[in-house]
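This briefing looks at aromatic rings in a predicted model, and at how their surroundings can be described. Please keep the structure in view while reading the points below.

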Amino acid sequence: MSDAHLTERPLGDGPDPVELSDEPIQLSRRDPEGDPERGTPSRRRRMVLAVALVAGLAGLGALGAGGWRVLQQKDTELSTPVKVAGLTRDDSERARSTADYLRSGFAADIDLDRSFGTVYSDPADAKRAVLVFGGTTLLWQPERDLDSLFGLMADATGKVTGLREVDAGRLGGVMKCGTTSGDGGDFAICGWADHGSVVMAMFPGRSVDDSAGLFRQLREGIQTR
């Protein structure tokens with residue numbers, strides 16, 4: 001081994017030495033400030049993931065709200081009080097026969113756990129008796145089922161015209177009213193449906209608006225959860 005100091009060695013005829021500069025040595029081709037062409041997909045992926053997350057949370061929220069409504073409404077009970085909304089239950093043989101006919105026809109169109117039919121007379125006008133019929137069952141799509149029943153009613157009584165949604169009141173669900181015709185002329189017909197019940201009623205001698213208000217009152221007295 002030579003005792004000469006390294007700085008004393010001749011450089012010889014080898015390649016020129018590398019000159020060092022003050023510029024930093026770049027070990028990667030990626031721009032430290034961010035390559036737009038490489039950064040865009042990354043940002044896009046983040047945006048897609050964020051949108052998917054928000055949509056997923058919204059979906060879970062909707063599912064939770066829908067599930068809560070089902071649990072809240074599914075255990076519904078229906079009764080026929082003697083007096084409700086200023087009307088009196090008609091227990092005469094003729095009224096009971098009519099109510100049973102309506103109940104049987106209605107129950108044949110939809111699978112119900114329990115069904116009922118009754119006639120309520122109006123003390124102020126015997127011609128304005130209200131026929132109410134329906135039942136309890138678990139409905140996953142109340143509005144769709146109610147629309148189907150209105151269609152079946154149209155087949156039995158004639159076309160239901162002017163069918164529109166009306167305020168369902170504090171019990172929720174969906175309520176609709178329209179007009180149809182019978183032997184006594186035109187009359188209003190209304191129906192409500194929620195996740196635990198579906199009920200319809202006929203209102204001879206009343207307008208749709210009056211019938212909608214009376215139907216909400218009847219529901220308040222008939223339905224409990």
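Phe133 has a relative accessibility of 1%, and because buried means under 20%, this residue counts as buried. Phe106, with a relative accessibility of 4%, likewise falls under the 20% limit and therefore counts as buried. The structure holds three aromatic pairs, and these two residues make up one of them.

**The pair of Phe106 and Phe133**

- The ring centres of Phe106 and Phe133 lie 5.6 Å apart, and their planes meet at 70 degrees, so the pair is edge-to-face, a class that requires an angle over 60 degrees.
- This pair links distant parts of the chain, since Phe106 belongs to helix H2 (residues 93–109) while Phe133 belongs to strand S5 (residues 125–136), with the two residues 27 residues apart.

**The pair of Phe203 and Phe215**

- Phe203 and Phe215 also form an aromatic pair, with 5.9 Å from centre to centre and 80 degrees between the planes, and this pair is edge-to-face.
- Here too the pair links distant parts of the chain, with Phe203 in strand S9 (residues 197–204) and Phe215 in helix H4 (residues 208–222), 12 residues apart.
- Phe203 has a relative accessible area of 0% and is therefore buried, and Phe215, at 0% relative accessibility, counts as buried as well.

**A cluster of rings**

- Phe203 and Phe215 also belong to a cluster, in which ring pairs link them with Trp192.

Note on methods:
Residues are numbered from 1 along each chain as its sequence is written. This is a predicted model: local features need pLDDT of at least 70, side-chain atom pairs count only at pLDDT 80 or more; totals for chains, interfaces and linings use all residues. Side-chain values use heavy atoms; hydrogens and water are left out. Rings of Phe, Tyr and Trp (its six-membered ring) pair if their centres lie within 6.5 Å; planes under 30 degrees apart count as stacked, over 60 as edge-to-face and the rest as tilted. Helices (H or I, at least four residues) and strands (E, at least two) are DSSP runs, numbered from the N terminus. Buried means under 20% relative accessible area, exposed over 50%, partly exposed in between (1.4 Å probe, protein chains only).
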